[in-house]
Amino acid sequence: MAAARSVRKSEEEWRAVLSPEQFRILRQKGTEDPGSGEYNKFFGVGTYLCAGCATPLYRSTTKFNSPVAGLLSMKVCPGHNRNPDPDGIRMEITCAACGGHLGHVFKGEGFRTPTNERHCVNSISLKFKPPQFS
């Protein structure tokens with residue numbers, strides 16, 4: 001997948017294109033209630049995109065089920081960044097193109113994945129795109 005492009009908008013422009021809940025989570029670093037997200041139990045084939053700017057973030061083929069809520073992924077597209085969270089425990093995941101808050105990475109929880117990571121991503125920060133068939 002192609003590298004992320006830069007998407008810059010003012011707060012007013014973001015408010016005009018995002019729902020109030022999307023704005024709260026993507027721009028103000030909010031969190032959905034655990035287990036409440038649209039994609040929590042969704043396992044369709046395709047790609048998860050940033051809801052703010054449509055940058056590809058995750059491939060559905062790497063999502064796995066877990067008793068813990070969130071988008072659980074082993075492999076990511078190059079469209080996201082990791083930054084230390086102010087709490088000093090977690091790593092925040094942001095969109096590399098628009099800077100939107102996606103969620104957090106948790107390591108060392110014992111999931112049998114190549115990276116021993118769980119990406120807990122707010123569903124409202126994502127849009128799902130099924131594969132294109134010609």
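Analyst: Happy to. Aspartate 85 is found in the loop that links β3 (80–84) to β4; strands here are DSSP runs of E with at least two residues, numbered from the N terminus. A word on the basis: this is a predicted model, where local features need pLDDT of at least 70, side-chain atom pairs count only at pLDDT 80 or more, and totals for chains, interfaces and linings use all residues. Residues are numbered from 1 along each chain as its sequence is written, and side-chain values use heavy atoms, leaving out hydrogens and water.

Aspartate 85 has a relative accessible area of 12%, so it counts as buried (under 20%, with a 1.4 Å probe and protein chains only). Setting aside residues up to four places away in sequence, aspartate 85 touches Arg90, Met91, Glu92 and His104; contact means heavy atoms within 4.5 Å. With histidine 104, the side chain of aspartate 85 makes a polar contact of 2.8 Å (a pair of N or O atoms within 3.5 Å, one able to donate a hydrogen and the other to accept it; residues adjacent in sequence count only if both atoms are side-chain atoms).

Now for the strands. An open sheet of four strands runs in the order β3-β4-β5-β6, with antiparallel pairing; two strands pair if DSSP finds at least two bridges between them. β3 and β6 (117–121) are at the edges with a single partner strand each, so one side of each has no neighbour in the sheet. β5 and β6 are joined by five bridges, and glycine 103 stands opposite valine 121 in β6.

Definitions and conventions: Buried means under 20% relative accessible area, exposed over 50%, partly exposed in between (1.4 Å probe, protein chains only).
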